[in-house]
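Please examine the sequence and the structure shown here before reading the briefing that follows.

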Amino acid sequence: MAYNDANVFAQILRGDAPAFKVYENDFALAFMDIMPQVDGHTLVIPKYTAENLHDVAPEILGETMKVVQLVSGAVKSAFDAPGIMIAQLNGAAAGQTVFHLHFHIMPRFDGLDFKLHAREVEDGEKLAGFSERIRAKLP
Ligand code: 5GP
């Protein structure tokens, strides 16, 4: 499938849709997931048109993963999380719903306190507070 720049993450990159941003550099952007599975659920996307892992240039993937690592550390620290789960879905059959490559960063605690994927929109003030908390832990 050809990349379709009407997807919501492309809109966020263009500034056409809002996002609670956590971090950005020349290569990638991190922001809060609007329908989080757990508090602190953060997304990292490359600032390049790639639908999934299989069609991103390796150099861009590398730069994006550096941002995943950086932001993951900040999320872990901000939520005092003993575990962090990184998820990345490729293709509708795998559950991908937004067709711009992205990595999910999710704090995990013991037990199964984990909501279903992309179901309920979170309160904006709560997301704004979480994004600030994570930003405060970035170098
Ligand atoms: P996927 O299913 O493609 O792996 O993940 C897409 C993610 O994007 C889901 O976790 C969903 O909650 C999130 N999402 C969908 N629409 C928006 C949006 O408009 N803004 C933000 N920040 N996240 C979104």
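**Briefing: aromatic pairs, an annotated histidine and the ligand**

The structure holds 2 aromatic pairs (rings of Phe, Tyr and Trp, the last by its six-membered ring, pair if their centres lie within 6.5 Å; planes under 30 degrees apart count as stacked, over 60 as edge-to-face and the rest as tilted). This is a predicted model, in which local features need pLDDT of at least 70 and side-chain atom pairs count only at pLDDT 80 or more, while totals for chains, interfaces and linings use all residues. Residues are numbered from 1 along each chain as its sequence is written, and side-chain values use heavy atoms, with hydrogens and water left out.

**Aromatic pairs**

- Phe-9 and Phe-31 form an edge-to-face pair, with 5.4 Å from centre to centre and 75 degrees between the planes.
- Phe-9 belongs to helix H1 (residues 8-14) and Phe-31 to strand E2 (residues 28-32), so this pair ties together parts that are 22 residues apart in sequence. Helices (H or I, at least four residues) and strands (E, at least two) are DSSP runs, numbered from the N terminus.
- Phe-9 is buried, with a relative accessible area of 7%, and Phe-31 also counts as buried, at 2%. Buried means under 20% relative accessible area, exposed over 50%, and partly exposed in between (1.4 Å probe, protein chains only).
- Phe-79 and Phe-130 form an edge-to-face pair, at 5.2 Å centre to centre and 70 degrees between the planes.
- Phe-79 lies in the loop between helix H2 (58-78) and E4, and Phe-130 in helix H3 (residues 124-135), so the pair ties together parts that are 51 residues apart in sequence.
- Both Phe-79 and Phe-130 are buried.

**The annotated residue, His-102**

- An unreviewed UniProt entry gives His-102 the annotation "active site". UniProt positions are given in the numbering used here, feature names are shortened, and annotations may be inferred rather than shown by experiment.
- His-102 is located in the loop between strand E4 (83-87) and strand E5 (103-108), and it counts as buried because its relative accessibility is 6%.
- Not counting residues up to four places away in sequence, His-102 touches several residues, including Phe-9, Ile-45 and Gln-96; contact means heavy atoms within 4.5 Å.
- The side chain of His-102 reaches the backbone oxygen of His-100 at 2.7 Å. A polar contact is a pair of N or O atoms within 3.5 Å; within protein, one must be able to donate a hydrogen and the other to accept it, and residues adjacent in sequence count only if both atoms are side-chain atoms.

**Other residues of the E4-E5 loop**

- His-100 lies in the loop between E4 and E5 and is buried at 1% relative accessibility.
- The side chain of His-100 reaches the backbone oxygen of Tyr-48 at 3.4 Å.
- Gln-96 is in the loop between E4 and E5 and is buried, with a relative accessible area of 4%.
- The side chain of Gln-96 reaches the backbone oxygen of Glu-51 at 3.0 Å, and a polar atom of the Gln-96 side chain lies 2.6 Å from the backbone nitrogen of Gly-91.

**The ligand**

- The ligand is surrounded by 17 residues, and the closest are Asp-33, Thr-97, His-102, His-104 and His-117; a residue is near a molecule if one of its heavy atoms lies within 4 Å of it.
- A polar side-chain atom of Thr-97 lies 2.7 Å from an oxygen atom of the ligand.
- An N or O atom in the side chain of His-102 is 2.9 Å from an oxygen atom of the ligand.
- The protein covers 91% of the 520 Å² of accessible area that the ligand has on its own (Shrake-Rupley method, 1.4 Å probe).
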